[in-house]
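Please find below my notes on this model, as numbered points. They begin with the contact between the chains and then turn to individual residues.

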Amino acid sequence: MGQNQAAHASSDDVSGEEEFDPIGTLTLIAIYFVILLLAWVYIYYIEFLGRDLVVVG
Amino acid sequence: MHIHAYEKLWLAASILLILLLIGSVTYGAVGPGVAMVSDSEPPIDAQALDEDDRFSEPRVEQVGDNEYVAYVVAYQFGFEPSPIVVPENSTVTFYVTSRDVIHGFEVAGTNANTMVVPGEVSKITVKTDDRQEYGLICNEYCGAGHHVMEGKVNVVSQAEFDERNSGGDDA
């Protein structure tokens, strides 16, 4: 369906390019991205740097 | 070439993520001073540790103002000295070697963790915080008694550390 939409848009007119609007995919990726950010902040800054005996040399 | 607006968005987001990852590792190295286990120590003869200045008598020594070194020998199945006693709020450098097979040196629940290879000296420097008793475990399978190979790293108050050491000298 996405292909059809894209093909349709390109053959139809140039201004219709943004007709293909995968808002669901964008939302999903945004959610994954936020999870990734939070996980990284937790793992690196809280779990790793917050532990005792940080190796400094 | 036309790139969809959303595609630009998640390209930008992934570049941002990469910069964040590199940035936080750089911050860790520059800010808190996180470092790797040093590989600069020259090799030693694992069969002759009893003739080595540092390892013939595994011990903790003061080398500077609030700086200490701990010479530790790992063996099947334990660590010497046991326990390793170091003062609180100090900088401690562990020199760890093995007299038999490959061992691990992991202060449980902390970032102090290195492999211990016979003939090589693993050097890690850590900053101690408040008084605490840490477990010390071997995390490389080293033989039938691997699961019982453990030690202790005791971070004690300065007074207690001095007392122990002066007591040791008198004895």
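1. The interface. Chain B and chain A bury about 2800 Å² between them, and carbon and sulfur atoms give 66% of that area. Three residues, Y6(B), W10(B) and N111(B), supply 23% of what chain B buries against chain A, more than any other three residues. The model is a predicted one, and the values here should be read as such.

2. Contacts across the interface. The polar contacts between the two chains come to 12 residue pairs, both partners being at pLDDT 80 or more. Salt bridges across this interface number zero by the rule applied.

3. Elements on the chain B side.

4. Over all chains the structure holds 10 aromatic pairs. One of them is Y6(B) with W10(B), a tilted pair with 6.2 Å centre to centre and 50 degrees between the planes. Both residues belong to helix α1 (residues 5-30) of chain B and stand four residues apart, about one turn of the helix. Y6(B) has a relative accessibility of 14% and therefore counts as buried, whereas W10(B), at 25%, counts as partly exposed.

5. The pair of Y68(B) and F161(B). Why is this pair edge-to-face? The ring centres of Y68(B) and F161(B) are 5.1 Å apart and the planes stand at 80 degrees, so the pair falls in that class, for which the planes must be over 60 degrees apart. The pair links distant parts of the chain, 93 residues apart: Y68(B) is in strand β2 (residues 67-75) and F161(B) in helix α2 (residues 158-170), both of chain B. Both partners are buried, Y68(B) at 2% relative accessibility and F161(B) at 3%.

6. A charge over a ring. R99(B) places its charged end over the ring of Y75(B), at 4.5 Å from the ring centre.

7. T114(B). This residue is part of strand β7 (residues 113-116) of chain B. Is T114(B) buried or exposed? Its relative accessible area is 6%, so T114(B) is buried. Beyond its neighbours within four places in sequence, T114(B) is in contact with V37(B), G104(B), F105(B), S122(B) and I124(B).

8. H146(B). The loop between β9 and β10 (150-156) of chain B holds H146(B). With a relative accessible area of 18%, H146(B) is buried, the cut-off for that class being under 20%. A polar atom of the H146(B) side chain lies 3.2 Å from the backbone oxygen of E140(B). Apart from neighbours within four places in sequence, the residues in contact with H146(B) are F77(B), C138(B), N139(B), E140(B) and Y141(B).

How values were computed:
Residues numbered from 1 in each chain as written. Chains lettered and ligands numbered in written order. Predicted model: local features only at pLDDT ≥ 70, side-chain atom pairs only at ≥ 80, totals over all residues. Heavy atoms only, no water. Helix = DSSP H or I, 4+ residues; strand = E, 2+ residues; numbered from the N terminus. Buried < 20%, exposed > 50% of the residue type's maximum accessible area, 1.4 Å probe, protein only. Contact = heavy atoms within 4.5 Å. Phe/Tyr/Trp six-rings, centres within 6.5 Å; stacked < 30°, edge-to-face > 60°. Lys NZ or Arg CZ within 6 Å of the ring centre and 35° of its normal. Buried area = accessible area lost by both parts, 1.4 Å probe. Salt bridge = Lys/Arg side-chain N within 4 Å of Asp/Glu carboxyl O. Polar contact = N/O pair within 3.5 Å; in protein donor to acceptor, adjacent residues only side chain to side chain.
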